[in-house]
Amino acid sequence: MPQALNVLGTPLVPCSYDPLTGFFRDGCCHTDQHDLGSHVICAKLTAAFLQFSALRGNDLGTPRPEQRFRGLKPGDRWCLCALRWRQAYEAGVAPPVVLECTHARALQYVSLEQLRAATV
């Protein structure tokens, strides 16, 4: 995999190893053509966002041991789908973003100004 860049144009930095995040579960918001959800925005989750996501059918807070998923809680960092983050942004509940850990592909869905407005 070629070296990925973040939205700042520098090398992508890991988002989280605990919980282990990323489409490839490598701790980074790496992506490729198989990542149809574009899990490219590294965010520090909030209770408001977790509730927002659950109400839209993606309950990230409930543990799912059969999928080796412990469930997420406020304060966890996680690679989010770009479109879900944009929906949350438009609804006023977007979680804070870690720019250094957010893949450059995010800029296909949201602007750098939007991401900066929600920076950790």
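Predicted model: local features only at pLDDT ≥ 70, side-chain atom pairs only at ≥ 80, totals over all residues.
Colleague: Why is the disulfide of Cys29 and Cys79 called left-handed?

Modeller: The torsion about its S-S bond is about -95°, so the disulfide of Cys29 and Cys79 is left-handed.

Colleague: Are Cys29 and Cys79 buried or exposed?

Modeller: Buried means under 20% relative accessible area. Cys29 has 0%, so Cys29 is buried. Cys79 has 2%, so Cys79 counts as buried too.

Colleague: How many disulfides does a search of the whole structure find?

Modeller: The search finds two. The other joins Cys15 to Cys42, with an S to S distance of 2.1 Å. Cys15 is in the segment before strand S1 (39–44) and Cys42 is in strand S1, 27 residues apart, so this pair also links distant parts of the chain. Both Cys15 and Cys42 are buried.

Colleague: Why is the disulfide of Cys15 and Cys42 called right-handed?

Modeller: The torsion about the S-S bond of Cys15 and Cys42 is about 80°, so that disulfide is right-handed. With the bonded cysteines numbered in sequence order, the pairing is 1-3, 2-4.

Colleague: Why is Cys28 in no disulfide?

Modeller: The nearest cysteine sulfur, that of Cys29, is 7.3 Å away. A disulfide needs the sulfurs within 2.5 Å, so Cys28 is in none. Cys28 has a relative accessible area of 7% and is therefore buried.

Colleague: How do you know that the sulfur of Cys101 is too far for a bond?

Modeller: The closest cysteine sulfur, in Cys42, is 4.4 Å from the sulfur of Cys101, and the cut-off is 2.5 Å, so the distance is too far for a bond. Cys101 is buried, because its relative accessible area is 2%.

Colleague: How many aromatic pairs does the search find?

Modeller: It finds four aromatic pairs. One of them is Phe49 and Phe52, a tilted pair.

Colleague: What makes the pair of Phe49 and Phe52 tilted?

Modeller: The ring centres are 6.5 Å apart and the planes are at 35°. Stacked means under 30 degrees and edge-to-face over 60, so the pair of Phe49 and Phe52 counts as tilted. Phe49 and Phe52 are three residues apart in helix H1 (residues 47–55), which means they are separated by about one helical turn. Phe49 is buried at 0% relative accessible area, and Phe52 counts as buried at 8%.

Colleague: Why is the pair of Phe69 and Trp78 called edge-to-face?

Modeller: Their ring centres are 5.8 Å apart and their planes are at 65°, which is over 60, so the pair is edge-to-face. Phe69 and Trp78 are both buried.

Colleague: What makes Thr119 partly exposed?

Modeller: Thr119 has 35% relative accessibility, between the limits of 20% and 50%, so Thr119 counts as partly exposed. Thr119 is found in the segment after helix H3 (112–117).

Colleague: Which residues does Thr119 touch, not counting those up to four places away in sequence?

Modeller: Thr119 touches Pro96, Val97 and Leu99. The C-alpha atoms of Thr119 and Val97 are separated by 4.6 Å, although these residues are 22 residues apart along the chain. The side chain of Thr119 also reaches the backbone oxygen of Leu115 at 3.1 Å and that of Arg116 at 2.9 Å.

Notes
Residues numbered from 1 in each chain as written. Heavy atoms only, no water. Helix = DSSP H or I, 4+ residues; strand = E, 2+ residues; numbered from the N terminus. Buried < 20%, exposed > 50% of the residue type's maximum accessible area, 1.4 Å probe, protein only. Phe/Tyr/Trp six-rings, centres within 6.5 Å; stacked < 30°, edge-to-face > 60°. Contact = heavy atoms within 4.5 Å. Polar contact = N/O pair within 3.5 Å; in protein donor to acceptor, adjacent residues only side chain to side chain.
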